[in-house]
Amino acid sequence: MAPASDDVFAEPKEPPPEACVNCGSKDFSTRTKMPVCEPCRMGLVRYPFPGWVKLRAGVVCLMVVVSLALSRERVQEAFLLSRAKRMHQQQRWEDAYRLYHQVVVSHNDTDTLLAYAEAAVDSGHYEDAARTMETLGGRRAQRHQVARADAISGRLRSALPVPPSMLLSPVPPFAMPPHVPPTIAPFEAPAEIPSQFQFFR
Amino acid sequence: MFIIIPGFVISLLTFPGVIVHEAAHQLMCRLTSTPVLGVCYFQTGNPAGYVIHDTPSSGWRHFLISVAPFLINTIAGFLIALPVGLTIASNSTPGPLDFLLGWLGLSVTMHAFPSTGDASSLWHALRAPSSSWLLRIVGFPVVGVIYLGAVLSVFWFDAIYGVAICFAVPAAIVAALA
């Protein structure tokens, strides 16, 4: 009865014909061809799961619970983002803007922010667009992303009567200190020149 | 270019899937009142695990025992890796927990496909005179798919199946339902 494969029939070659191979009972089970009595057959049906298998099964179940808890939030975000992209493709800017607005905090990758800024510009939410473009500053971007950002910035500038930075939250007034031109002190030779420099006199 | 990695290395890297696979066989044996004579949940040899059981009392029970890992591993792996699939679908950056869940989900799903041993025993059960025509209609294509999967596993079909279930299906569901 060597286990030759994953899921193998067990067919004893020479079953003892007289008694159960497990307990010696004379009453063979009628529900199997194996030489065992019914209680022993039921014992085999309830073949025990080892403790470590139960433990690992518990860990797997725990992981499923953790995954479902994580998925609950992520499913909503994924649906919102997917709908936002669809609205964006259909050029329904206001809808796209509103959907992106709900997810940009957690999905702040460059492409999503660019899409959000684009939807914000085209739906007239210039302040959000300007703020988003400001947060993109300093990021590493691919060429197509830079081109897209330039296009959005251009549209934002042309749509606004003032520079985009003026739309951002007010900055406290900053008074420049009076300009004092640097003065260069006249060179004065030391009274005594150290001995190690005397060579250069 | 094909990358050939010994089977025991794959089994070692994805051992949770082997354990779940064999446990699924054993669980279905219990549910179908089929006596179990021995179980190996994991070993580095070939096969990586096995369940020795008595001949099931009907063809349908045999069918269920054979395909149980396919159903259980696929569903469990999908659920475990679902947050990772959603993270990928929404183009976000995965965290450390996502890597753990992704590995576990992929391990479990990779071992969903029944082995050729499962297919062989199911084939014999289907050819028995007592098996019904409905079981044969359902069972023979399944046996064919299992053998096809075993052949294609040389080309990483099991891994491709795991990646598809864990990472591509969530993205496809979101795209379809959004």
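Which residues make the nonpolar surface patch of about 520 Å²?

1. The patch is made by B:Trp60, B:Trp133, B:Leu134, B:Ile137 and B:Val138. Patch residues have over 30% relative accessible area and no salt bridge, with nonpolar side chains (Val, Leu, Ile, Met, Phe, Trp, Tyr) joined within 5 Å; accessible areas are Shrake-Rupley values with a 1.4 Å probe. Helix H6 of chain B (residues 133-152) supplies the largest share, 4 residues, and B:Ile137 lies in that helix.

2. This is a predicted model, in which local features need pLDDT of at least 70 and side-chain atom pairs pLDDT 80 or more, while totals for chains, interfaces and linings use all residues. Residues are numbered from 1 along each chain as its sequence is written, chains are lettered from A in the order in which they are written, and side-chain values use heavy atoms, without hydrogens and water.

3. The contact (heavy atoms within 4.5 Å) involves 42 residues of chain A and 56 of chain B. Together the chains bury about 4200 Å², 64% of it on carbon and sulfur atoms; buried area is the accessible area (1.4 Å probe) lost on being put together, summed over both parts. In chain B, the residues losing the most area to chain A are B:Arg30, B:Leu37 and B:Ala178, together 13% of what that side buries.

4. The interface holds 1 salt bridge (side-chain nitrogen of Lys or Arg within 4 Å of a carboxyl oxygen of Asp or Glu). A salt bridge joins the side chains of A:Arg74 and B:Asp98, at 2.7 Å from N to O.

Definitions and conventions:
Buried area = accessible area lost by both parts, 1.4 Å probe. Patch = residues over 30% accessible without salt bridge, like charges linked within 9 Å, V, L, I, M, F, W, Y side chains within 5 Å. Helix = DSSP H or I, 4+ residues; strand = E, 2+ residues; numbered from the N terminus.
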